[in-house]
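Please open the model in your viewer and have the selection tool ready. The stops below are to be taken in order.

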Amino acid sequence: MKKALLLLLGLSIGTAFAADGIAFLPDVTVYNQDKHVVVNIPQARVFLFDNGELLKTYLAGPGNPKTPTNLGEYEVLAIAKNPDWHIPKSIQKSENNRKIVKYCEDSSYPFAVTKKTLISETPRKDADGYIIANEKGETVYDRKYAYSCEETYFIKFSNEHSLGLHGTNAPHRIPSWPSHGCVRMKTPDVVDLKGYVSRGTPVYVIHQRYTLNVDENNDLWLGIYPDKYAGTQEYTEEKTEQLIAALHQWNNINEQQINVESAEKWINEWRPKVKQHHEICLTCVPVAKGKKKPQPKGSLKTLSWTDGL
């Protein structure tokens with residue numbers, strides 16, 4: 001990333017609420033002009049920034065471990081309304097060898113929830129004109145259906161990998177890691193995002209398992225997220241060392257002290273087993289078991305811990 005053109009996110013403030021609560025911000029650098037999209041794979045989140053400040057956060061469904069979403073720096077190449085689905089060759093066999101599914105053609109259309117409406121049914125007859133019944137003696141019908149879909153979009157950001165942000169016919173699987181490489185979103189969310197981006201809007205796809213945020217009380221919040229992709233263990237070890245170093249730096253410059261040894265133990269305990277997300281306040285007063293856990297106060301600000309505080 002070209003540092004001269006970027007603004008450290010740690011200098012900007014913002015809190016966005018996803019469907020399952022506050023979205024803790026990753027440590028990234030973003031353009032200080034216009035819109036900018038960041039996809040963090042471990043969080044299964046899409047972050048929308050405007051002029052260097054967080055504007056919105058969306059739940060997401062990046063690629064699964066067998067077909068991961070390619071990390072990298074991209075930009076929006078095209079935005080298609082109600083697109084057809086060009087089925088990847090790798091899964092055409094499981095889709096009855098079809099190569100394309102037209103918009104709202106049937107319930108297999110993947111970019112929006114499809115409503116199926118019965119428009120006619122007639123008893124099925126054999127060659128002699130007799131009505132056919134099943135093993136239970138029930139009449140077998142030939143049924144015709146009509147399909148209707150909500151408006152949806154495909155926001156393409158890579159020609160090489162045919163990657164994009166798009167809606168889904170399975171919103172209950174968001175957030176998770178269900179896709180074949182693209183980034184799925186709930187369809188109303190991708191419609192909303194489309195209203196903010198255009199051709200040329202930067203899109204960064206990152207893999208950051210830790211977040212380190214400060215709230216308005218100057219309390220420090222640490223988040224840890226699952227490693228869904230193989231081959232990132234060495235990266236995780238390196239980032240863990242950077243994170244621990246940043247916690248020591250925090251103690252050097254802040255009155256609110258944290259127990260770095262306990263924090264490191266918590267990280268090593270949760271890192272292998274976290275399934276969705278896990279956050280903890282490192283500076284809050286401990287609460288008794290069974291009591292309501294503390295929540296971040298006001299807006300969050302991410303610390304640029306990957307480069308040192």
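Select V46 in this predicted model. Apart from neighbours within four places in sequence, V46 contacts V37, V38, V39, K56, T57, Y58, A60, L165, V183 and M185.

V46 is one of the residues that touch the most other members of the largest nonpolar core, together with V37, V39, F157, L165 and L193. This core comprises 23 residues. Two or more residues come from each of β5 (35–40), β6 (45–50), β14 (153–158), β15 (163–166), α1 (187–194) and β17 (202–206).

Now display β5 as a strand. Of its 6 residues, 5 are buried, so that β5 is mostly covered. On one pairing, β5 runs antiparallel to β6 over 6 bridges, and V37 stands opposite L48 of β6. The two strands form a hairpin with 4 residues between them; in the turn, select A44, whose phi is positive at about 55 degrees. Then turn to β17, which runs parallel to β5 and is joined to it by 4 bridges. Here N40 has I206 as its bridge partner.

Is W85 buried or exposed? W85 counts as buried because its relative accessibility is 10%, and the cut-off for buried is under 20%. Beyond four places in sequence, its contacts are I91, E95, K99, I100, V101, S108, Y109, P110 and F111. Finally, draw the C-alpha to C-alpha distance from W85 to Y103: 7.2 Å, across a sequence separation of 18 residues.

Conventions: Residues are numbered from 1 along each chain as its sequence is written. This is a predicted model: local features need pLDDT of at least 70, side-chain atom pairs count only at pLDDT 80 or more; totals for chains, interfaces and linings use all residues. Side-chain values use heavy atoms; hydrogens and water are left out. A nonpolar core is a set of buried Ala, Val, Leu, Ile, Met, Phe, Trp, Tyr and Cys residues joined through side-chain atoms within 4.5 Å. Buried means under 20% relative accessible area, exposed over 50%, partly exposed in between (1.4 Å probe, protein chains only). Contact means heavy atoms within 4.5 Å. Two strands pair if DSSP finds at least two bridges between them.
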